[in-house]
Amino acid sequence: MRPFSDTQHHRVEEGLMLRSDVHRLFDSGLLAIDSDLVVQVAPSLAGHRLYSALAGVSLQIPHDAPIDRAVIADHHAATVATW
């Protein structure tokens with residue numbers, strides 16, 4: 001979630017495996033994941049059938065996956081603040 005250029009570390013707890021187009025949206029601030037691991041899509045994508053359909057979808061992550069929800073929450077807050 002945090003750029004390598006900021007932390008100088010790769011942490012598995014901050015990684016999400018995303019399809020390349022979805023990853024681009026995530027990196028561009030048009031898609032966010034909340035701390036409950038639910039996808040939120042920027043209002044600017046409301047008319048895009050494929051991507052607006054992702055809104056409200058829960059990520060399929062194993063219950064015991066080592067994911068840092070605090071970092072996810074921080075990333076989510078920073079992203080949706082730009083919407």
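Predicted model: local features only at pLDDT ≥ 70, side-chain atom pairs only at ≥ 80, totals over all residues.
Colleague: Which residues lie closest to the centre of the second largest pocket?

Modeller: The pocket is lined by 14 residues, and those closest to its centre are Met 17, Leu 18, Val 39, Leu 59 and Gln 60.

Colleague: What makes up the lining of the second largest pocket, in terms of nonpolar, polar and charged residues?

Modeller: The lining divides into 11 nonpolar residues, 2 polar ones and 1 that is charged.

Colleague: Turning to helix H2, why is Asp 21 called buried?

Modeller: Asp 21, which lies in helix H2 (residues 20-27), has a relative accessible area of 18%; since the word buried is used for values under 20%, Asp 21 is called buried.

Colleague: What makes the link between the side chains of Asp 21 and Tyr 51 a polar contact?

Modeller: The side chains of Asp 21 and Tyr 51 are joined at 2.7 Å, and the cut-off for such a pair of N or O atoms is within 3.5 Å, so the pair counts as a polar contact. Along the chain Asp 21 and Tyr 51 are 30 residues apart, while their C-alpha atoms are separated by 9.7 Å. The side chain of Asp 21 also has a polar contact of 2.7 Å with that of Arg 19.

Colleague: How do you know that the buried residues of H2 line one face of the helix?

Modeller: The buried residues in H2 are Asp 21, Val 22, Leu 25 and Phe 26. When one looks down the axis of H2, these buried residues fall within an arc of 145 degrees, and therefore they line one face of the helix. As a general point, an α-helix has 3.6 residues a turn, so residues three or four places apart point the same way.

Colleague: What lies against the buried residues of H2, and which exposed residues does the face turned away from them carry?

Modeller: The buried residues of H2 pack against strand S1 (31-33), helix H3 (49-52) and helix H4 (69-80), whereas the face turned away from the buried side carries the exposed residues Ser 20, Arg 24 and Asp 27. Just after H2 comes Gly 29, with a positive phi of about 80 degrees.

Colleague: What is the phi of Leu 37, and why does Leu 37 count as buried?

Modeller: Leu 37, in the loop between S1 and strand S2 (39-41), has a positive phi of about 65 degrees although it is not a glycine. Most residues other than glycine have a negative phi. The relative accessibility of Leu 37 is 7%, and buried means under 20%, so Leu 37 counts as buried.

Key:
Residues numbered from 1 in each chain as written. Heavy atoms only, no water. 1 Å grid on protein atoms, 1.4 Å probe; cavity = no way out; pocket = protein on both sides within 12 Å on 5 of 7 lines; lining within 4 Å. Nonpolar A, V, L, I, M, F, W, Y, C, P; charged D, E, K, R; others polar. Helix = DSSP H or I, 4+ residues; strand = E, 2+ residues; numbered from the N terminus. Buried < 20%, exposed > 50% of the residue type's maximum accessible area, 1.4 Å probe, protein only. Polar contact = N/O pair within 3.5 Å; in protein donor to acceptor, adjacent residues only side chain to side chain. Arc of directions from axis to C-beta. Contact = heavy atoms within 4.5 Å.
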